[in-house]
Amino acid sequence: MTARFIATLLLVLPPILASGEPSHGFAYFGELKYPKDMLHFDYANPDAPKGGDLHLSIVGNFNNVHAYVDKGNLTPFMDTRLGSRVYDQLMRWSEDELASYYGLLAESVEVADDYGWVEYTLRDNAYWHDGEPVTVDDVLWTFKMVKTEAGHSWKARYQPFDRIERTGPRSFRIYFVEDENVEWGPPLVVLTARFTTLPQHYWEERDFTATTLEPPLGNGPYRLAEVEAGHKVVFERVEDYWGKDLNVNVGHHNFERIVYTYYFDRNVMLQAMRAGFVDFFFEEDESHFHTAYDFDAYHKGVFKRETYRMGYSYGMHESVVFNTRRDLFKDPRIREALTLAYHFDWANRVYWFNGLERNNSYFMRSGMQARGLPPAAELEILEPFRGQVPERVFTHPVELPQNESWGRNRDTLLRADALLNEAGWVVKDFQRVHEVTGEPLEIEFIVRITLHERMLVPFVDNLRRLGIDAVLRKLESNVMTNRLRNYDFDSTIRKLYTFMVPIPDRMRRTYTSRWADTPNQTNLPGIKNPVVDMLVEMVLGAKTEAEMNTAGRALDRVLLWNFYVIPEGCPLGRHPVYWDRFGHPPMGRENMNWTGFPQLWWLDAEKNARVENYLAGMRGD
């Protein structure tokens, strides 16, 4: 980062101070809710019974269980970015606070006053599943391997870490790279909290850079017990798990086994669920939610389909992503024209039972969602960038085009045609071509799942009416993964996740220039915009929630008026569908991440018996 860049940020955001004292946790903003001697999190049920199997499903394939490589398709529960159940991270995220973390593998955390380093002390009773203790040597070795041997995404993730040094028998200190702006301390502390250590004695004789289907050695509440390549993985609860009695784990990890079965076809998976072979599914297809589960078990009350409004940000739930690395999409007029051609209102009525609302924000339903015209606080941030951002950032509210849900979106198609003509793409002999070169305007959309295919079929039809040679191609999962990793696509559909308090490395890797051309990042649109870069740093450097939200709303406006993606819609609510075997905490609480599933759910014996009786009768047992 340049000195000018740092100076600009320092004008906006004063330095943040830390206590410099060891603590049982870390709060991004304000104070921790829970004391060191808490009995358990308020949202966890300390009396939740242990036992029972949970059967889940995935449509797709897998060929890897090693998270630190950027190869293959990783099976769930092994992804250490999202919190693996096989490995413990240094701290656990509290699900009823905005952004607070409590010691898990580490018993304490200490942050330097200038945020130059973070020091952790490991718990003295933490051990791997083979009985070997978790040591500082494991931490140091893992850090070395991640920095030198892991995939690109991991090297990028931990790039702000300069070095790790041992400071005691169970303690170590993580130092940050100076040019990473140690002034922006809280995001860096959060990044360290999620660092996942591997056992040196297990991996030293294995190839750290290769995919594998060999169940690895972990230290978390579950172990990978069975792997059937491409078909099934089974996670088994560890009876002598070292951390089972920690207050941050009380009420968690209640199922004896968690079984993931892979299906190549979604309709087959749905039939398996109706037959009782799949217990739970998050239904994100509004059409399926309204039609696929209207069967006898639902009417008898032993199968649930529910809707709840989660107390968490939706982000950019679904979007059509333009790859701006392609010359065609470098022109924002092209991107805006295609946005105008997308007929959301028709699709919402016909496909989604009006179950979506148009997503007008990259940070939907969070404090960073921009609304209306920018108020004074946002203008103060945006004014220095006047002339570098679209003028509509200052003059127009953040709203996408609305159309009648019946018929074609004729008015916006005419506006799209005018923009294409302005950009030099004209219609000759019913084909859209470049007015100088005669080159046809061609776009290939790649998707993997039927849901995305359905979303794009009417859009492709609209583009063809504009004379664009649009092709929709459905790919096998491995091919899709590799093409996305190498940015080998024109356009696709992806989710751009966000959180009420953004995860620093994820936000940078999704929106900033630095990671636009590094393989296997989440900046799929290839955004290279210095204003976006600076606004991202303002968000991450905020010392209060209000400052973060103000900078986030300014960022939201700049991203939207550059038309990097076509926002689709976000659900009016989330849809868990499941056999009514379970007990669970209240869903949709403030700050609550999803439903707490599966880590906070448990098998209810009485409900389970009722479901089993129903299934036995259905099968004629």
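**Notebook: a helix, a sheet and some salt bridges**

I began with helix α4, where I found G185, P186, P187, L188, V189, V190, L191, T192 and A193 buried, a word I use for under 20% relative accessible area, with exposed meaning over 50% and partly exposed the range in between (1.4 Å probe, protein chains only). The helix, residues 185–193, is thus recorded as mostly covered, with nine of its nine residues buried. I take helices (H or I, at least four residues) and strands (E, at least two) as DSSP runs, numbered from the N terminus.

I note that this is a predicted model, in which local features need pLDDT of at least 70 and side-chain atom pairs count only at pLDDT 80 or more, while totals for chains, interfaces and linings use all residues. Residues are numbered from 1 along each chain as its sequence is written, and side-chain values use heavy atoms, with hydrogens and water left out.

Next I looked up the sheet. I found four strands in an open sheet with mixed pairing, in the order β2-β11-β10-β9, where two strands count as paired if DSSP finds at least two bridges between them. Strands β2 (53–59) and β9 (222–228) stand at the edges with a single partner strand each, so one side of each has no neighbour in the sheet. I then followed β10 (residues 232–237) and β11 (residues 257–263), which pair in the antiparallel sense over five bridges, and I saw that K232 stands opposite T261 in β11.

Then I turned to charged side chains. Side chains of opposite charge can pair when their charged atoms come close. I call a contact a salt bridge when a side-chain nitrogen of Lys or Arg is within 4 Å of a carboxyl oxygen of Asp or Glu, and by this rule the count comes to 42.

I looked at R266 and E283, whose salt bridge has its closest N and O atoms 2.4 Å apart. R266 lies in helix α6 (residues 266–274) and E283 in the loop between β12 (280–282) and α7 (286–291), so the pair ties together parts 17 residues apart in sequence. Both R266 and E283 are buried.

I also checked E422 and R333, which meet in a salt bridge at 3.7 Å, N to O. This pair links helix α13 (residues 410–422) with helix α9 (residues 332–341), 89 residues apart. E422 counts as exposed at 54% relative accessibility, whereas R333 is partly exposed at 29%.

My last entry is the salt bridge between D488 and R483. D488 is partly exposed, but R483 is buried, with a relative accessible area of 17%.
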